[in-house]
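Me: I would like to learn how to read the features of a structure like this one. Please take them one at a time.

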Amino acid sequence: MKPSPASQLPILRILAPFVLGILLAWRVPSWWWVAVMAGAGVAGYAALWLVSRSPQARYAARVWFTLPIILMGIALGGATTLVRRPHTIDLRQINNRPVEVMINDITFRDFSMMMDVQLTGGDRHSPHILLTTRGCDYRLRAGDVVTIPGRLQAVANNGNPDEMDYRQYLADKGILYQEHIDVRRLQPSGHHDNWPARLCNLRHRMERRILASTLEPEVQHFVIAMLVGERRFIDNETRQAFSRSGVAHVLALSGLHLGIITLLLWWLFLPLDYLGARKWRLAITLCCIAAFVFFTGASPSVVRSAVMVGFSFAGLMFFRRNNALNALLVAALLILYFSPQALRSVGFQLSFITVASILLFAPRLERVRNRVLAYVAGTAITSVVAMLSTLALTAYYFHGVALLSVVANLLVLPIVPVFLMLAALFLVVCATGGEMTWLNTLLEWCYTPMDAVTGWLSHLSWGHIDRVFVTGIDVFCYFMFILLAYAIWHKPRRRMLWLLASLVLVAAGVNRWWLHTHTPRRGRVVFNTYNATPIMHFNHARAMLWVPDASDFDLEGFEHRQAAFLAHHGIEHVELGHDSLYTLHQGCVVFDDCLLVTRRFHGHVDKILKITTAGKGKRLHVVLTGSIYEKEHDRLAHECDSVGVPYTTMRRSGAIVKFDVERGR
């Protein structure tokens, strides 16, 4: 009898209910249903065990034993999520007094610092705080304890339409609060020397040594991204080029990089085989891989690759066959157990879906004798499978689709192993404080063709589709159709599968029609940003943008941040308007029945009252925009409260959206 997929993948029986438990805990964060699920699972398993005493009875009832296992898996997923979620704090007890925090990670920018800190004396589940400063203090490092004035605020979203949920993004990293202060208010008071701080400081030291080398800056940033796992040094133009050409995975640490590093270590310890110590060769390689995983921050894609490599090596050591899909599921279960919020991570989703699709759909080419032909065909097939499997997710998160990813991978991937091996040698040389001119030259030679290929492909207008908007229902229907197509491929005579596939296509079509006919195509929006107040008028595919309080407004950056809104409403062209679009009077703008107080306003609430009543039959509603500096914003809000002037602050209410009645294209 042919074994079923469930028997070949036993971890799937635990992983699927575990994921369901995580999703339920996000929706219903309560312990009562976890206790009910766990109790029902234990009681059901005990009842089945008592009823079926003999082996024959247990074999006959083996299907029913799955139900209590599912219930206990759901309870385990919910309990893990509830236990590992960060605790909230009472801001009334923290604020308005000095607060002592420990720095977990620190990032230096041109004129500011961004730090991930935690309150000292708290447990490991105490919330993280995003601390930003005006100015830099280069003496600070991870593990330092500093005292700051207590002015913590809960992280909030900007409230712009279709914008990324920034609050949830930080909450998944354990960051629930934020504060912005002057660097002179920081008072160092000690240092905690723990392993996370040591690894963070080691990464920063390696970054500084690489940046201090004579290597070209672009190549330095590339080496840091590929081996240290830090991509903040790569400029936006390079990121856009790699993303538009479909090889953005080269910039992020993934299974590709870890596989190359594993092969490099495997060849490096080859002499151990001649000494009869093959198992020592396997064990040392695994230890080096584990050290690399912790050094780079243990991202989901790297952990997934390390677990799969570990399963492969364990099979070689104990002469066992390895199931790659089972190893992939074990990696997912381990990551979600220690970090349930990783399920929402884009990297986690893309990494596991891509590898699972390659293992399921990519055919093996052992019969192709020509190695060059086998490599080209294998790379092309793998690239096509990876692109199709993540097509909906990339469109959902990044609102674009790279059409030339197969060509880009065929041209770039052969260079990546050579570059990565040279970069590893360069990293060792930098760690010892040395310098090799010939090594720098080779790295620059390898980087030049990759940069040229991605730059050329990214500038082809037909090589990338921009402004793509898909919904969560579209993504769900896409993957459901892929799973049904895979099932039909194995059992084409199942009529029920054909019916379900047809229903999924109909549901996707109805969702697209509803989105097309019920999306406003004309309207006005006042966006909420911290450094400007963009006011947009859009009409079908064109939009006019006016920014009253920012002369050096970054239009390209604005389009990137609001890509979802532009794609949702079919806006293809955005132009900066002139001052004639609205009238800026003493730092205020009249928008419909609202008076927008911008960053250019200087004065008191009596000046606002004069503007609101001048030439109008009724008083305009006062709106404090998000671009006003914090102190000025608090002062104006206090004055409005004192004299009884009703107002709205965009820091709490978000953007102002005025859609016209006309809908559809």
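Me: Which residues are buried in helix 11?

Reply: First, the conventions: this is a predicted model, in which local features need pLDDT of at least 70, side-chain atom pairs count only at pLDDT 80 or more, and totals for chains, interfaces and linings use all residues. Residues are numbered from 1 along each chain as its sequence is written, and side-chain values use heavy atoms, with hydrogens and water left out. Helices (H or I, at least four residues) and strands (E, at least two) are DSSP runs, numbered from the N terminus. Buried means under 20% relative accessible area, exposed over 50%, and partly exposed in between (1.4 Å probe, protein chains only). In helix 11, the buried residues are His 257, Leu 258, Ile 260, Ile 261, Thr 262, Leu 265 and Trp 266.

Me: What span does helix 11 reach from its first C-alpha to its last?

Reply: The expected span of a helix is 1.5 Å times one less than its number of residues. Helix 11 covers residues 255-268, 14 residues, and reaches 19 Å, close to the 20 Å expected. Helix 16 (residues 346-361) has 16 residues and a span of 22 Å, close to the expected 22 Å. Its buried residues are Phe 348, Gln 349, Leu 350, Ser 351, Phe 352, Thr 354, Val 355 and Ser 357.

Me: Which residue caps the N-terminal end of helix 16?

Reply: A polar contact is a pair of N or O atoms within 3.5 Å; within protein, one must be able to donate a hydrogen and the other to accept it, and residues adjacent in sequence count only if both atoms are side-chain atoms. Ser 345 is the cap, with a side-chain oxygen 3.3 Å from the backbone nitrogen of Gly 347. Asp 182 counts as buried because its relative accessible area is 15%. Between the C-alpha atoms of Asp 182 and Ile 148 there are 9.8 Å in space, at 34 residues apart in sequence.

Me: Which residues have the most contacts inside the largest nonpolar core?

Reply: In soluble globular proteins, nonpolar side chains tend to be buried together. A nonpolar core is a set of buried Ala, Val, Leu, Ile, Met, Phe, Trp, Tyr and Cys residues joined through side-chain atoms within 4.5 Å. The largest has 76 residues, and Phe 222, Val 223, Val 250 and Phe 419 have the most contacts inside it. Helix 20 (residues 415-431) gives the most to this core, ten residues. A second, separate core has 21 residues, including Ile 94, Leu 140, Leu 176 and Tyr 177.

Me: What is Phe 222 in contact with, leaving aside neighbours within four places in sequence?

Reply: Contact means heavy atoms within 4.5 Å. On that basis Phe 222 is in contact with Phe 242, Val 250, Leu 251, Phe 419, Tyr 447 and Met 450. Ala 508, in helix 23 (residues 495-517), touches Asp 474 and Cys 477, not counting residues up to four places away in sequence.

Me: What is the strand order in the open sheet of five strands?

Reply: Two strands pair if DSSP finds at least two bridges between them. The order is 13-12-11-10-19, with mixed pairing. Strand 13 (573-576) and strand 19 (656-659) stand at the edges with a single partner strand each, so one side of each has no neighbour in the sheet. Strand 10 (residues 522-526) pairs with strand 19 in the antiparallel sense over four bridges, and Val 526 stands opposite Ile 656. Strand 10 also runs antiparallel to strand 11 (residues 535-539), with five bridges; there Gly 523 has Phe 538 as its bridge partner. Strand 11 and strand 12 (residues 542-546) are antiparallel over five bridges, among them the one between Phe 538 and Ala 543.

Me: Where is the positive phi in the hairpin of strand 11 and strand 12?

Reply: Most residues other than glycine have a negative phi, and most peptide bonds are trans. In this hairpin, with two residues between the strands, His 540 takes a positive phi near 60°. Asn 96 has a positive phi of about 65° and is found in the loop between helix 6 (91-94) and strand 1 (98-108). His 399, at about 60°, lies in the loop between helix 18 (391-398) and strand 8 (400-402).

Me: Is Asn 96 buried or exposed?

Reply: Asn 96 counts as exposed because its relative accessibility is 76%. His 399 counts as buried, at 13% relative accessibility.
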